[in-house]
Each structure stands twice: as structure tokens, then as C-alpha cells.
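Here are my notes on the complex, in the order I'd go through them with the model open on screen. Have a look at it before reading on.

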Amino acid sequence: MDTKQLITEAKARFNHNSAKIYLKDKYESKLSIAYQGGLWVANIELISFLKASTQDQIVVLDMYSNPIKVNRIELLTKLEKTYHYVMDQWHIEWASLEKKR
Amino acid sequence: MTRGVLLFAFNNDKVDYYAMAIATAKRANKFLNLPVTVVTDKTTDLSNYTYQFDNVIIVEADRNNLNASNEVWINKGRFQAYSLSPYDETLLLDTDYLINSDTLLKPFDLYDDFMCHNRTSFLMNTLHGQELISEHTYPTLWATVIYFKKTEKAKQIFECMEMVQKNYSHYTQLYNMTVGNYRNDFSLTIALRIVCGQTEDHIHYIPWNLVHVGKNTIVHKDTDTSYTVIYDNWQRGKIRKEYCTVSDMDFHMMNKENFMELVNE
């Protein structure tokens, strides 16, 4: 890299909008899990539904709209674990990028 | 059940695709812990390279295609992936796909026999929409990352890609495609539609975006898995340099020279 390019690039501003989209692309892939014969996204809607239900065995539509009979508690445990792990990492990286100028 | 990565690498006068395949293979070994097989042609002088692939398969290259810069672009014959792959479960990757994480292991856990990306995003270029194979038709499916098992369905899809490739001028007219050169993305889009009875079955789509880095975006390496991405944002007739830092995320580099700079550093 030559000096002219270095100076030009030193003036570059951090694009927070692009950073947010990059984080979304990166961490959304980590929220998808295959479990009990279905593909699931560990999101608040599914976790809330599983928490609010009372039956042990329950039929839920997976990401590809297949009705899958699942063990509610096992799936909930797996989804919660995935959700918290991924969202914690997402938050840490977002907080660090937020400070950039 | 054997698993591995398959790469197609045919050198032309400008680009050393075999060297790119070696760089991608090393990263597949490191991040995915998978063996890599390369498909190339007899014009590649293998004595120039020291890396040991799991397998090197020599085929007859079809040189009958040009890229946008009117250079020979040997991208035909990708349909042979099904018959050439020595693995039961294969990840078929473009050589300019930069692996920085173990995300690509996920499709092995999913239960389908064929998957590819149907959605993309461009790093730094947030306004870039989804590409269609032609106006008022289907969104492009991407052959950059394909996961397949050796099943009858996957075989049909690759056979259909062969049929589309061999009758490409017909399909160009049928779908009113404006791009004249052959693209695997387009033949994949048409083939998957045909095999699925002209319906859209989301089960074949990898459930996250394929991230592209466009030709006008420059990537600098910070560490082995983190990068600074610099982009010229045009606003009111002026260029504003903007940057973003990314880490542990795989992406598809459209700028081949930049890709080689990153992997050679």
C-alpha cells in the first residue's frame, strides 16, 4: 500500500449501518440449529411459545414448514442455550463496533 | 459416511485458480477439518505446487466461455461434481470463497440432500438488492456454495444443470436473459426449478445469506480471521471512503487479486 492510499484510507469513516448488517448476517447463521428432525431458529417467538405451552410432546412447524413432533423441554433447552450463547457474542461485538468512529 | 470439499480450478492466462484452490483448501482443512478434492485440467502444471490435495481429478476443460472482460473463463462442467466427488456428502465451493469459521459444517447437520444459497448481501453495499436471472423472472440461486449428498434427487439436479448448460442458448431466450456468458448460478437456478416442478421449495436453501465482497470493495487482513473492509461510497457526486471491520465470517470475494493478496500475506 502506498502513502497516498494510506492517507486516503486513514480518512475513512466507520460505517455503522454496514456493521449492523454484517453482524446480523454473521450471527443469524449461528442461530439456526437442526434438532429432533427439524430445522429451528433460536428466536424469541419460538422460545416464548415453547415456554408458554404445557404439553411434553408438541407439534411445531420448523423453518421449512414441516410439522415436527418434538419433546418440548428438550427443544426449549437447546434453543435457549443457543440463543443466549449467540446473542451474548453478538452483543459483545456490537458494543465494540459501536465505539468506532 | 465420508465428507469432503470439492473445488473446480482451471487456470487461464490471467488467474491462477489452482493457487486459489490451494488457499481455499488450506482454510477448509483448518476451519472445517475436511479433506479437499480438486478438479482441474491437464494444462495445470502440478509440479509448480507443493500442497497435497486429498485427490486431484483431471478432466477435459470446456474453454468455450468468456467472462465480462472477454477473457477465457472455464466455469463449464460444474455439473460433473456429482459424479466426480469421492465423498458421500460434499461441499462444492468456488475457489474464491474465503472460509473464516466453521459455519459451513452446519449444512451437514441439516436433513436435506441438496442445498444452496438463495439470498445474498454485499458487505458495505447495503442497498444492493437480490439478483434475478432476468427481469420479471426468478431470483438467482448461487452456485458459490452447494452442499449435496449422493442421492437420486441431487443426481437429478446435476443432470438437469448439464442439460441447461448444453442447451444454454435456448434457456437464455426462454428466460430472456441479458447476460450472454454462461453462469453456473443461472443453470443452477433453472435446474432446481425444473427438478422441483417449477415450484419454489425452501428446503433446498441454506438458511442464511451468502455474503459477497464486490469488486470495488478492498479487504485488508488484520489477523487470520479478521479484516478491514474499505468501500468507496458515492454521495452527491463525491466519494466518501468508509470502512467496517469483520471477523470470523465467511465471504465470497469477487476481486480475485485481492483474494490472493489476503491468502498470501
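1. Let's start with a loop residue. Asn176(B) sits in the loop that joins H5 and H6 of chain B. Its phi is near 55 degrees, which is positive even though the residue isn't a glycine. Most residues other than glycine have a negative phi. Asn176(B) also counts as exposed, at 58% relative accessibility. Keep in mind that this is a predicted model.

2. On confidence, the predictor gives the complex an ipTM of 0.84 and a pTM of 0.92. Chain B has an average pLDDT of 91, and 99% of its residues score at least 70. Within chain B, strand S4 (residues 89-93) has the highest confidence at 98, while strand S11 (residues 226-235) has the lowest, with a mean of 88.

3. Next, helix H6 of chain B. This helix covers residues 184-195, 12 residues in total, and runs 16 Å from first C-alpha to last, close to the 16 Å expected at 1.5 Å a residue.

4. How many of the 12 residues of H6(B) are buried? The count is 10, so the helix is largely enclosed by the rest of the structure. The buried set includes Phe186(B), Leu188(B), Ile190(B) and Leu192(B), but also Asp185(B) and Arg193(B).

5. Thr24(B) is one I'd zoom in on. It belongs to helix H1 (residues 17-32) of chain B and is buried, with a relative accessible area of 2%. Leaving out residues up to four places away in sequence, Thr24(B) touches Leu7(B), Leu93(B), Asp94(B), Thr95(B), Tyr97(B), Ile99(B) and Phe259(B).

6. The largest pocket holds about 1,200 Å³ of space. It is lined by 44 residues, and those closest to its centre are Trp73(B), Asp96(B), Lys215(B), Met254(B) and Lys256(B). Strand S7 (120-122), S8, H6 and helix H7 (256-264) of chain B each put at least two residues into the lining, with S8(B) giving the largest share, three residues. By class, the lining has 15 nonpolar, 18 polar and 11 charged residues.

7. The second largest pocket has a volume of about 430 Å³. Two or more lining residues come from each of helix H2 (16-31), strand S2 (32-35) and helix H4 (72-98) of chain A, and from helix H3 (106-109) of chain B. H4(A) supplies the largest share, six residues. This lining divides into six nonpolar, five polar and six charged residues.

Key. Residues numbered from 1 in each chain as written. Chains lettered and ligands numbered in written order. Predicted model: local features only at pLDDT ≥ 70, side-chain atom pairs only at ≥ 80, totals over all residues. Heavy atoms only, no water. Helix = DSSP H or I, 4+ residues; strand = E, 2+ residues; numbered from the N terminus. Expected span 1.5 Å × (residues − 1). Buried < 20%, exposed > 50% of the residue type's maximum accessible area, 1.4 Å probe, protein only. Contact = heavy atoms within 4.5 Å. 1 Å grid on protein atoms, 1.4 Å probe; cavity = no way out; pocket = protein on both sides within 12 Å on 5 of 7 lines; lining within 4 Å. Points joined across faces, edges and corners; volume = space filled by probe spheres on them. Nonpolar A, V, L, I, M, F, W, Y, C, P; charged D, E, K, R; others polar. pLDDT = per-residue confidence, 0-100.
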